[in-house]
Amino acid sequence: MEKVIPFKPENSVYTDGQWQAIYDEGTNILVSASAGSGKTTVLVQRVIEKVRNGMNLDELLVVTYTEAAAKEMKERIRQTLQKAIQEEKEGELKRHFVRQLSLLPTAAISTLHAFCLQVIRRYYYLIEIDPQFRLLTDETETILLKEDVWEEVRERLYAEQQSLFYQLTENFSNDRSDDGLTRLVFSLYDFARSNPDPLSWLNTLKDQYQLTGTLKDSTLYQKILRPQLHEKLRQAQKNAEEMVFLAQSEPDLSKAAELTQKESDYVTQLLHCLEADQLEAAYEEITAISFDRFSGAKRSAPDDVKETSQKVKVLRDRNKKILTDLRSDFFAHSPKKWLELMQKATPLVEEMAIVTAIFDQEFRKRKTEKNVVDFNDLEHFTLNILATNLDGQWQASEAASHYREKFKEVLVDEYQDINQLQESILYWLRAPDSATGNFFMVGDVKQSIYSFRLADPTLFIEKYTRFSQGKEGRRIILAENFRSRKNVLDFTNLIFSQLMDERVGQLTYDQDAQLVNGYKNFPDKEGYDPELLIYETGKEQSDQTEEIVEMDEQFVIDDRTEGELRMVGKKIQELINSKQTIYDKKNKSERPVNYQDIVLLTPTKKNNLVILDIFKELQIPLYLSDTQSYFQATEIRIMVALLHIIDNPYQDIPLVSVLRSPIVGLGENELALIRLQDKEGSYFD
């Protein structure tokens with residue numbers, strides 16, 4: 001029987017969605033929480049309400065994505081408990097709250113990896129491993145160990161002189177090295193290990209290449225290739241319709257209108273063939289396409305006609321690229337030829353899976369010898385502890401039965417970044433019956449950024465769809481954003497409503513997905529609209545003589561990343577120097593912006609060292625939450641370069657690195673003057 005949600009008072013600080021997410025229970029719950037919607041507050045308050053109703057903290061499993069998030073959650077729970085103790089008048093409940101404070105340090109509020117480590121330490125005997133293992137946390141050590149094992153595996157396979165392995169190596173390598181095969185095996189290994197049963201996953205790879213009918217009947221074409229082709233041609237059709245409309249709207253562009261109509265007909269016919277699965281006809285159609293010279297506006301034409309002509313040309317160039325790419329990629333061969341190539345590829349794919357499986361086996365063996373365990377091992381060991389395979393049927397082990405009985409609820413933060421293996425672990429920890437589900441998930445698929453870590457957002461999407469239909473659980477949407485001004489939210493909605501759909505982002509950016517302004521107390525003032533900074537690299541080159549007489553300033557290497565970072569740095573200095581004000585929600589007043597109010601989001605960590613150097617030069621204080629690997633640090637790279645030139649001083653790049661470093665201290669202009677003495681010879685000479 002479902003518990004009735006307490007009535008929400010009119011003066012409640014929570015929205016309707018937050019209130020439901022805090023109190024709803026009796027089934028599995030998925031909370032789709034948009035950015036800034038207070039999901040951490042909801043999670044903490046849900047935990048507190050569970051405790052208030054008599055549950056103990058050690059009866060809850062709370063899984064976070066990072067250690068920092070786990071630490072923050074414990075701290076917020078501690079603060080909320082202390083406040084509840086001070087305000088609570090009823091003695092028994094007050095003592096219950098005090099007891100929870102003592103349970104908090106050991107409560108299961110952690111990353112999944114940290115929890116897996118606890119499971120293994122307790123139930124190691126179920127899978128017969130040495131409990132005194134060392135956790136392999138250093139990325140460099142892991143890479144070196146993998147490369148060492150792969151070197152041995154590769155040499156052994158070469159020695160066996162199997163023609164398939166030589167063919168596989170030749171297929172993914174070049175005339176200089178077989179690093180292409182190394183990258184392939186490592187990538188395939190990582191993908192396989194994100195699945196509950198890596199070997200079974202590897203064994204299924206060849207299935208998509210084993211065809212019994214035509215290419216259009218294959219799973220590979222229907223599930224993977226066809227949607228991609230359809231998407232590209234739909235975009236080409238959209239471009240074609242727009243360029244035809246623009247060209248026909250100007251009488252002076254009659255030749256362009258004729259050309260664009262002809263090419264639009266090409267696209268329409270090609271799309272028709274694809275939708276009818278007439279691949280042979282599509283192949284004939286695209287190989288016959290020719291692109292005549294574009295005839296735009298005359299020089300004497302009015303400016304508005306020239307502008308329209310340029311728009312038509314841009315759209316036409318886009319379509320030309322789409323179609324030529326399709327012709328050189330997918331339609332490089334006829335469907336019949338593709339069928340032959342796929343049949344020839346089948347044994348190579350099978351060999352690729354076998355080689356990866358051998359590497360997996362040898363790598364596990366090496367880790368066992370060294371008694372080390374990596375993070376992925378923690379998950380696989382935990383799954384093996386929780387689930388027992390009896391006669392082909394997976395059943396809960398004594399460990400799984402223990403945790404299912406212990407944990408009254410399993411709460412998962414950032415659920416959109418869970419992978420298949422982690423989902424399998426969570427299955428054996430929660431109640432198996434969805435009718436009495438105790439699985440509480442919070443996340444936002446729009447914020448799924450960890451595909452490179454093999455996260456599987458489809459797990460979120462599937463539940464998002466099923467739960468919205470009342471199947472297996474309930475869906476709750478937290479759309480209100482309490483972090484940003486309405487200007488920011490409107491701009492975000494404008495952009496993503498046009499860009500994000502099920503093909504891009506795996507979720508349609510509809511009304512349910514859009515951000516809603518939740519914080520109404522921002523002062524209504526000018527000057528807070530979103531701003532775009534665009535860095536252009538193109539420069540007009542002036543004629544200069546080769547001889548440099550005088551250089552007053554150090555020349556700057558024209559690098560896009562450096563240019564963008566300098567532009568951002570200048571903007572930060574402008575905000576600080578201009579005393580730009582912001583609204584402080586804690587103090588409920590405006591104050592000048594300071595450095596800690598500003599955050600710089602980057603797509604990768606590879607430029608962190610460049611950011612550090614440039615911001616240091618601009619005298620902007622900076623805290624990096626993560627930096628590049630140890631061997632990429634400037635000091636280490638200088639030392640490595642020094643070792644290189646001790647071994648052989650005729651290596652120009654290491655030599656210049658040392659000369660430019662604090663060891664010697666030469667500047668760019670001095671280094672350039674040295675090179676100008678002899679442009680062809682060795683820099684050392």
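Over which ring does the charged end of Arg 475 sit? The charged end of Arg 475 is placed over the ring of Tyr 464, at 4.2 Å from the ring centre. The legends below describe this and other close-up views of a predicted model.

**Figure 1. Charged ends of arginine over tyrosine rings.** Two such arrangements are shown. In one, the charged end of Arg 475 lies over the ring of Tyr 464, with 4.2 Å to the ring centre. In the other, the charged end of Arg 404 sits over the ring of Tyr 427, 5.3 Å from its centre.

Figure 2. Asp 24 counts as buried because its relative accessibility is 3%, and the cut-off for a buried residue is under 20%. Its side chain makes a polar contact of 2.8 Å with the side chain of Arg 474. Leaving aside residues up to four places away in sequence, Asp 24 touches Ile 5, Ile 29, Arg 46, Arg 474 and Ile 476.

Figure 3. Strand β1 is largely enclosed by the rest of the structure, because six of its six residues are buried. Asn 28, Leu 30 and Ser 32 point one way from the strand, while Ile 29, Val 31 and Ala 33 point the other way; all are buried. Strand β10 (residues 473-478) runs parallel to β1 and is joined to it by six bridges. Strand β9 also pairs with β1 in the parallel sense, over four bridges. Val 31 has a bridge partner in each neighbouring strand: Ile 476 in β10 and Val 442 in β9. For Ser 32, the bridge partner in β9 is Gly 443.

**Figure 4. Strand β9, covered on both faces.** Five of the five residues of β9 (residues 439-443) are buried, and the strand is mostly covered. Phe 439, Met 441 and Gly 443 lie on one side, Phe 440 and Val 442 on the other, and all of them are buried. Besides its pairing with β1, β9 pairs with strand β8 (residues 409-412) in the parallel sense over three bridges. Here Val 410 stands opposite Phe 439.

**Figure 5. Aromatic pairs, with Tyr 415 and Phe 439 in detail.** Across the whole structure, 26 aromatic pairs are found. The ring centres of Tyr 415 and Phe 439 are 6.0 Å apart and their planes meet at 85°, so this pair is edge-to-face. Tyr 415 belongs to the loop between β8 and α17 (420-427) and Phe 439 to strand β9, so the pair ties together parts that are 24 residues apart in sequence. Both partners count as buried, because relative accessibility is 0% for Tyr 415 and 2% for Phe 439. Tyr 519 and Phe 522 form another edge-to-face pair, at 4.9 Å centre to centre and with 65° between the planes. Tyr 519 and Phe 522 are both buried.

**Figure 6. A cluster of aromatic rings.** Phe 115, Tyr 123, Tyr 124, Tyr 125, Tyr 403 and Phe 407 are linked into a cluster by ring pairs.

Conventions
Residues are numbered from 1 along each chain as its sequence is written. This is a predicted model: local features need pLDDT of at least 70, side-chain atom pairs count only at pLDDT 80 or more; totals for chains, interfaces and linings use all residues. Side-chain values use heavy atoms; hydrogens and water are left out. Buried means under 20% relative accessible area, exposed over 50%, partly exposed in between (1.4 Å probe, protein chains only). A polar contact is a pair of N or O atoms within 3.5 Å; within protein, one must be able to donate a hydrogen and the other to accept it, and residues adjacent in sequence count only if both atoms are side-chain atoms. Contact means heavy atoms within 4.5 Å. Helices (H or I, at least four residues) and strands (E, at least two) are DSSP runs, numbered from the N terminus. Two strands pair if DSSP finds at least two bridges between them. Rings of Phe, Tyr and Trp (its six-membered ring) pair if their centres lie within 6.5 Å; planes under 30 degrees apart count as stacked, over 60 as edge-to-face and the rest as tilted. A charge sits over a ring if NZ of Lys or CZ of Arg is within 6 Å of the ring centre and within 35 degrees of the ring normal.
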